[in-house]
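Reader: Please show me the structure first. After that I would like to go through it by question and answer.

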Amino acid sequence: LRTLSLSNNELSFLPPALGVLENLTNIDLRGNPQRGIRPGILDRSTSDVLSYLRGRMEGKELQLLRGKRATLPAAGGTKDSSSEKDDDNATTPADGNAKLEELKQSIEDTSMQLNNVHLTEAKKYAMKKTLKMHKAALIKEERRLRMITGK
């Protein structure tokens, strides 16, 4: 990851763990209601922002995150450690098939909920976004299973 654009996302908090992304050359945080970081710091260079974020972490936390980052696979398969879930690491096709069924069910449930005429536009938007995320996770899991099984 070299560029990260988080502009105009209504982010009120920025996790200090982003400071570990040392390969980041451009980070755009404009248009967010940041209260934890002064605007003067956000207007500085990317390396200054990342350095500031690293400075807000405790030494043990920083070492732990750097250690996790060092054990992640190279480009293409890299995952942010904050987004990992235990069930994302299903190693057998049976585990993967169970996850596929779970994702298909959540897609179906969310689709059904979207048919509710009493939903606000904001809620519809949020549910559509959730639906898209579930669909993307389903595609990702299907690809991962194909790689495991060699099909």
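**Cores, helices and salt bridges**

Author: The largest nonpolar core has twelve residues: Leu 4, Leu 6, Leu 14, Leu 18, Leu 24, Ile 27, Leu 29, Ile 37, Ile 41, Val 49, Leu 50 and Leu 53. A nonpolar core is a set of buried Ala, Val, Leu, Ile, Met, Phe, Trp, Tyr and Cys residues joined through side-chain atoms within 4.5 Å. Buried means under 20% relative accessible area, exposed means over 50%, and partly exposed lies in between (1.4 Å probe, protein chains only). The model is predicted: local features need pLDDT of at least 70, side-chain atom pairs count only at pLDDT 80 or more, and totals for chains, interfaces and linings use all residues. Residues are numbered from 1 along each chain as its sequence is written, and side-chain values use heavy atoms, with hydrogens and water left out.

Reader: Which element gives the largest share of this core?

Author: Elements here are DSSP runs numbered from the N terminus, with helices being H or I of at least four residues and strands E of at least two. The largest share of the core is three residues, and the element they come from is helix 2.

Reader: Which residues of helix 2 are buried, and what arc do they cover around the axis?

Author: Helix 2 spans residues 46-55, and its buried residues are Thr 46, Val 49, Leu 50, Leu 53 and Arg 54. The arc is taken from the directions from the helix axis to the C-beta atoms. These residues lie on the same side of helix 2 because they cover an arc of only 135°.

Reader: Which residues does Leu 24 touch, not counting those up to four places away in sequence?

Author: A contact means heavy atoms within 4.5 Å. Leu 24 belongs to the largest nonpolar core. Leaving out residues up to four places away in sequence, Leu 24 touches Leu 1, Arg 2, Thr 3, Leu 4, Thr 46 and Leu 50.

Reader: How many residues are in the other core, which lies apart from the largest one?

Author: Among the residues of this other core are Leu 100, Leu 103, Leu 131 and Leu 138. The number of residues in this core is nine.

Reader: In what pattern do the helices and strands follow each other along the sequence?

Author: The chain has five helices and two strands. Read along the sequence, the pattern is β-β-α-α-α-α-α.

Reader: How many salt bridges are there?

Author: A salt bridge is a side-chain nitrogen of Lys or Arg within 4 Å of a carboxyl oxygen of Asp or Glu. One of them joins Arg 30 and Asp 28, at 2.8 Å from N to O. By this rule, the count is three.

Reader: How far apart are the closest N and O atoms of Lys 124 and Glu 121?

Author: Both residues lie in helix 5 (residues 121-149), and because they are three residues apart, about one helical turn separates them. Lys 124 is partly exposed at 23% relative accessibility, while Glu 121 is exposed at 60%. The closest N and O atoms of this salt bridge are apart by 3.8 Å.

Reader: Glu 141 and Arg 144 also form a salt bridge; is Glu 141 buried or exposed?

Author: Glu 141 and Arg 144 are both in helix 5, three residues apart, or about one turn of the helix. Their side chains meet at 2.6 Å, N to O. Arg 144 is partly exposed at 22% relative accessibility, whereas Glu 141, at 4%, is buried.

Reader: Where does Asn 8 lie?

Author: Asn 8 is not a glycine, although its phi is positive, at about 55°. At 58% relative accessibility, Asn 8 is exposed. Its place is in the loop between strand 1 (3-5) and strand 2 (26-28).

Reader: Which element has the lowest mean pLDDT?

Author: pLDDT is the predictor's confidence in each residue, from 0 to 100. The chain averages 78, and 80% of the residues score at least 70. Among the elements, strand 1 has the highest mean, 90, and the lowest, 65, belongs to helix 3 (residues 59-71).
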